[in-house]
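The points after the structure are grouped by topic.

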Amino acid sequence: MIKAIIKKSPQEASDGEGGGGDTGMIPQETAPVPALPKKTKQPKECFLIQPKETKEDATKTRKRRKKKITDVLAKSEPKPGTPEDLQKMMKDYYSSSRSVIELEELNLPDSCFLKANDLTHSLSSYLKEICPKWVKLRKNHNEKKSVLMLIICSSALRALELIRSMTAFRGDSKVMKLFAKHIKVQEQVKLLEKRVVHLGVGTPGRIKELIKQGGLNLNPLKFLVFDWNWRDQKLRRMMDIPEIRKEAFELLEMGVLSLCKSQSLKLGLF
């Protein structure tokens, strides 16, 4: 025989075993209570909250770039150059390659510097102030392959501007362009050999080359003026341009410093 096994619910088991006795009623089979469906979790929209960017994070993520001289100068007010500026710049330039004794040899006495431009002068008015006896000086000058005054600037275009702006000062003086643009160095050497020149305006690189080739003698030179305060379109002064600064300092060492120390040559910053 097959015995039917009737599975009691927990409640029925408890009623049967709890001592309540048989009530005489036939237990009815109750339908199982369907289980409540589990609440399905609705997908939530996910919003990625971007963390606030701090200044430190911004500087890290931002592409690092070197500070340009233009950025520095744009925030600074123009200040007239001083002899101390030139001296300090020379020492900084040579500090890594020269000994302390060699750096001291670059020092120039204050007496060799002319009054610097205070940014109120035109070139003609400045030259008249530093050289009031120019007419007499140029009349006594008759040596070829030399000049009485050199004006050093950063480019050929700037040299042409300076020549045009010094008309009131130069008078009948012979002026020569001493830059490389459209003029070969040999042509300039021949011109200096043929005639007497009072004023030379040009770039340090070309003037250096003329000295090397024997076309320009510095001994009769009385004044050397740097176009110090003028700024180009990028707000750079001539000494802010590395290649110009290098050539200018090399020019100073090609006899200019020794002439300054002997008091025969004066330096000016326009």
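Predicted model: local features only at pLDDT ≥ 70, side-chain atom pairs only at ≥ 80, totals over all residues.

Beyond its neighbours within four places in sequence, Leu150 is in contact with Leu178, Gly200, Ile207, Leu218, Leu221, Phe223, Leu224 and Val225. Apart from it lies another core, of 23 residues, which includes Leu127, Ile130, Ala159 and Met166.

**The largest nonpolar core**
- The largest nonpolar core comprises 42 residues, and Leu86, Leu150, Leu224, Phe226 and Met239 have the most contacts inside it.
- Two or more residues of this core come from each of α4 (83-94), β1 (149-152), β2 (175-178), α10 (185-194), α11 (204-212), β4 (223-226), α12 (242-261) and β5 (266-269).
- The largest share, 9 residues, is given by α12.

**Helix α12**
- The buried residues in α12 are Ile244, Ala248, Phe249, Leu251, Leu252, Val256, Leu257, Leu259 and Cys260.
- These buried residues pack against α4, β1, α11, β4 and β5.
- At Glu253, α12 bends by about 60°.
- Gln263, which follows α12, has a positive phi, near 70°.

**The contact of α4 with α12**
- The axes of α4 and α12 are 11 Å apart, and the two helices pack at an angle of about 105°.
- Because angles of 65 to 115 degrees count as roughly perpendicular, α4 is roughly perpendicular to α12.
- From α4, Leu86, Met89, Met90, Tyr93 and Tyr94 meet Arg245, Lys246, Phe249, Glu250, Leu252, Glu253 and Leu257 of α12.
- The residues of this contact divide into 8 nonpolar and 4 charged, with no polar ones.

How values were computed. Residues numbered from 1 in each chain as written. Heavy atoms only, no water. Core = buried A, V, L, I, M, F, W, Y, C linked by side-chain atoms within 4.5 Å. Buried < 20%, exposed > 50% of the residue type's maximum accessible area, 1.4 Å probe, protein only. Helix = DSSP H or I, 4+ residues; strand = E, 2+ residues; numbered from the N terminus. Contact = heavy atoms within 4.5 Å. Bend = angle between axes of the 7 residues up to and from the residue. Axes fitted to C-alpha atoms, helices over the stretch in contact; angles between N-to-C directions. Parallel < 35°, antiparallel > 145°, perpendicular 65-115°, else oblique. Nonpolar A, V, L, I, M, F, W, Y, C, P; charged D, E, K, R; others polar.
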